[in-house]
Amino acid sequence: MQDPTGRVVQSGTHIARIVALLEPDGTFEAQVYVRLSREPEIAETYIPVGIYSTEADALQAAEARARRAIDNHEF
């Protein structure tokens, strides 16, 4: 099983964890999990981003979506 921790983007009291999961067909599913820093990880909100052909593309898309979620307070 893949490590789902990914990278973290933080702005003030908002945290977004970004993940690129390898799918069986060789593509990567980009995912974002957002929460307030004072909340436990169990309170994360899942935001699907999409399927990409490379891990780099998936992480780039996930980071852009995470920043949008933080900027717009999508929690």
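Modeller: Here they are.

Biologist: How far from the centre of the ring of Tyr33 is the charged end of Arg17?

Modeller: This is a predicted model, in which local features need pLDDT of at least 70 and side-chain atom pairs pLDDT 80 or more, while totals for chains, interfaces and linings use all residues. Residues are numbered from 1 along each chain as its sequence is written, and side-chain values use heavy atoms, with hydrogens and water left out. A charge sits over a ring if NZ of Lys or CZ of Arg is within 6 Å of the ring centre and within 35 degrees of the ring normal. The charged end of Arg17 sits over the ring of Tyr33, and its distance from the ring centre is 4.4 Å.

Biologist: How many aromatic pairs does a search of the whole structure find, and are the rings of Tyr33 and Tyr46 stacked, edge-to-face or tilted?

Modeller: Rings of Phe, Tyr and Trp (its six-membered ring) pair if their centres lie within 6.5 Å, with planes under 30 degrees apart counted as stacked, over 60 as edge-to-face and the rest as tilted. The search of the whole structure gives 1 aromatic pair. The ring centres of Tyr33 and Tyr46 are 5.4 Å apart and their planes stand at 45 degrees, so the pair is tilted.

Biologist: How many residues apart in the chain are Tyr33 and Tyr46?

Modeller: Strands here are DSSP runs of E with at least two residues, and helices are runs of H or I with at least four, numbered from the N terminus. Tyr33 belongs to strand β3 (residues 28-36) and Tyr46 to strand β4 (residues 45-52). The pair links distant parts of the chain, and the separation is 13 residues.

Biologist: Is Tyr46 buried, partly exposed or exposed?

Modeller: Buried means under 20% relative accessible area, exposed over 50% and partly exposed in between (1.4 Å probe, protein chains only). Tyr33, at 18%, is buried. Tyr46 has a relative accessible area of 38%, so Tyr46 is partly exposed.

Biologist: Which residue meets the side chain of Arg7 in a salt bridge?

Modeller: A salt bridge is a side-chain nitrogen of Lys or Arg within 4 Å of a carboxyl oxygen of Asp or Glu, and the whole structure has 4 of them. For Arg7 the N to O distance is 2.6 Å, and the partner is Glu63. This pair links strand β1 (residues 7-11), which holds Arg7, to helix α1 (residues 55-71), 56 residues away, which holds Glu63.

Biologist: Why does the pair of Arg17 and Glu44 tie together separate parts of the sequence, and how many residues apart are they?

Modeller: The two side chains meet in a salt bridge at 2.7 Å, N to O. Arg17 lies in strand β2 (residues 14-22) and Glu44 in the loop between β3 and β4, so the parts tied together are separated in sequence by 27 residues.

Biologist: To which residue's backbone oxygen does a polar atom of the side chain of Arg35 come within 2.5 Å?

Modeller: A polar contact is a pair of N or O atoms within 3.5 Å; within protein, one must be able to donate a hydrogen and the other to accept it, and residues adjacent in sequence count only if both atoms are side-chain atoms. Contact in general means heavy atoms within 4.5 Å. Leaving aside neighbours within four places in sequence, Arg35 is in contact with residues including Thr13, His14, Ile15 and Phe75. The backbone oxygen 2.5 Å from the polar side-chain atom of Arg35 belongs to Glu39.

Biologist: Is Arg38 buried or exposed?

Modeller: Arg38 is found in the loop between β3 and β4. Its C-alpha atom is 9.5 Å from that of Ile15, 23 residues apart along the chain. At 69% relative accessibility, Arg38 counts as exposed.

Biologist: Which strands do the buried residues of α1 pack against?

Modeller: The expected span of a helix is 1.5 Å times one less than its number of residues; for the 17 residues of α1 this gives 24 Å, and the end C-alpha atoms are 24 Å apart, which agrees. Among the buried residues of α1 are Ala58, Leu59, Arg65 and Ile70. The buried residues pack against β1, β2, β3 and β4.
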